[in-house]
Amino acid sequence: MSNAQIFTYTLHLADNALIMGQRNAEWCGHGPVLEQDIAITNISLDLIGQARNFYQYAADLYNGFSDDEKAAVDNLIPQPWKSYNRELQEDDLAFLRTEKQYLNLLLAELPNGDWAQTVLKQFFFSAFQFYQYTALQNSKDVQLAAIAEKSGKEVAYHLRWSGEWVIRLGDGTEESNSRMRQALEAVWMFTGELFIAAPFEQEAATAGFGVDVTNTLKEAWHQKVAAVFEKATLEIPKNGWAQSGGKAGRHTEHLGYLLTEMQYLQRTYPNAVW
């Protein structure tokens with residue numbers, strides 16, 4: 001597996017965490033109760049921290065590339081950075097790329113909706129991340145393995161927290177169960193993409209650097225979802241049709257609006273740092 005392929009795979013992992021973290025951050029100050037406002041905000045911070053680790057590794061990889069390797073990933077490099085006359089940094093990858101350059105799952109960019117949709121979306125995402133990071137700890141790439149090990153403890157909490165909320169709402173009142181079923185109808189079609197391997201994922205898995213999302217990971221995810229749904233008195237939809245395209249840079253209209261808000265400061269004040 002080439003360095004360019006590792007770079008692309010790392011960028012995908014970073015984009016997933018960043019976009020999901022940004023979505024969760026929208027709940028800050030708006031949570032249903034103070035404790036859960038703090039919880040969802042802390043989950044957001046965890047995800048953005050994961051994204052930073054992956055982006056920094058991707059930037060370090062790129063800065064050590066030969067000219068040919070840089071040319072191989074040029075379509076993923078932010079155009080504004082090329083005029084900065086300095087090495088690529090994590091902020092450049094997060095805040096200067098265009099919508100089509102992001103490789104995140106469609107699930108991550110979906111609007112929050114109500115609390116039921118937010119926690120259900122987080123549950124699906126966290127279950128996927130948990131098994132993905134667990135497997136990624138065996139990666140041949142020691143840096144990816146280290147980030148996965150560090151992040152795994154955070155994701156275990158995210159999964160437990162979101163799963164408990166799915167059960168609480170699903171097996172709660174008639175109103176809360178109805179909200180969960182509506183959320184399921186809105187979100188389920190975006191879960192199929194989790195297990196449709198992009199070329200860079202297939203290459204990473206084959207080379208031992210990444211995770212096979214089509215077999216073992218899919219089975220473990222479905223078993224976890226089924227176990228939580230049984231307690232939540234929810235049924236897994238029989239419709240197997242899946243929305244996809246995020247891993248190839250084809251996104252919903254929602255990502256463009258999210259990036260406009262998220263990237264405003266960096267694009268208005270180029271090279272700004274905290």
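Student: What does glutamate 90 count as, buried or exposed?

Tutor: Glutamate 90 counts as buried, at 12% relative accessibility. Buried stands for under 20% relative accessible area, exposed for over 50%, and partly exposed for what lies in between, with a 1.4 Å probe and protein chains only. The model is a predicted one, in which local features need pLDDT of at least 70 and side-chain atom pairs count only at pLDDT 80 or more, while totals for chains, interfaces and linings use all residues. Residues are numbered from 1 along each chain as its sequence is written, and side-chain values use heavy atoms, with hydrogens and water left out.

Glutamate 90 has a salt-bridge partner, arginine 52, with 2.6 Å between the closest N and O atoms. Because arginine 52 lies in helix H2 and glutamate 90 in helix H4, this pair ties together parts that are 38 residues apart in sequence. A salt bridge here is a side-chain nitrogen of Lys or Arg within 4 Å of a carboxyl oxygen of Asp or Glu. Helices are DSSP runs of H or I with at least four residues, strands are runs of E with at least two, and both are numbered from the N terminus. In general, side chains of opposite charge can pair when their charged atoms come close.

The search of the whole structure finds eight salt bridges. One of them joins arginine 23 and glutamate 26, at 2.8 Å from N to O. Arginine 23 is buried, with a relative accessible area of 7%, while glutamate 26 counts as partly exposed at 33% relative accessibility. Lysine 82 forms a salt bridge with aspartate 74, and their closest N and O atoms are 2.8 Å apart. Here lysine 82 is partly exposed, with a relative accessible area of 36%, and aspartate 74 counts as partly exposed at 35%. Salt bridges also link Asp114, Glu175 and Arg179 into a network.

Asparagine 85 is exposed, with a relative accessible area of 76%. Its phi is near 60°, a positive value in a residue other than glycine. Most residues other than glycine have a negative phi. Threonine 233 is another residue that is not a glycine and has a positive phi, of about 55°. Its place is the loop between helix H10 (216-231) and helix H11 (253-262), and threonine 233 is partly exposed, with a relative accessible area of 47%.

The structure holds 16 aromatic pairs. Rings of Phe, Tyr and Trp (its six-membered ring) pair if their centres lie within 6.5 Å; planes under 30 degrees apart count as stacked, over 60 as edge-to-face, and the rest as tilted. Phenylalanine 7 and tyrosine 62 form a tilted pair, 6.0 Å centre to centre with 45° between the planes. Phenylalanine 7 is in helix H1 (residues 3-25) and tyrosine 62 in helix H2 (residues 34-63), so the pair ties together parts that are 55 residues apart in sequence. Both phenylalanine 7 and tyrosine 62 are buried. Phenylalanine 54 and tyrosine 133 form a tilted pair too, at 6.2 Å centre to centre and 50° between the planes. That pair links phenylalanine 54 in helix H2 to tyrosine 133 in helix H6 (residues 115-136), 79 residues apart. Phenylalanine 54 counts as buried at 0% relative accessibility, and tyrosine 133 is buried with a relative accessible area of 1%.

Helix H6 also contains glutamine 122, which is buried, with a relative accessible area of 0%. Leaving out residues up to four places away in sequence, glutamine 122 touches Met20, Asn24, Ile43, Leu47, His158, Trp161 and Ser162. Contact means heavy atoms within 4.5 Å.

Two arginines sit over rings. Arginine 97 lies over the face of tyrosine 102, at 4.3 Å from the ring centre. The charged end of arginine 168 is over the ring of tryptophan 165, 4.3 Å from its centre. Such a placement requires NZ of Lys or CZ of Arg within 6 Å of the ring centre and within 35 degrees of the ring normal.
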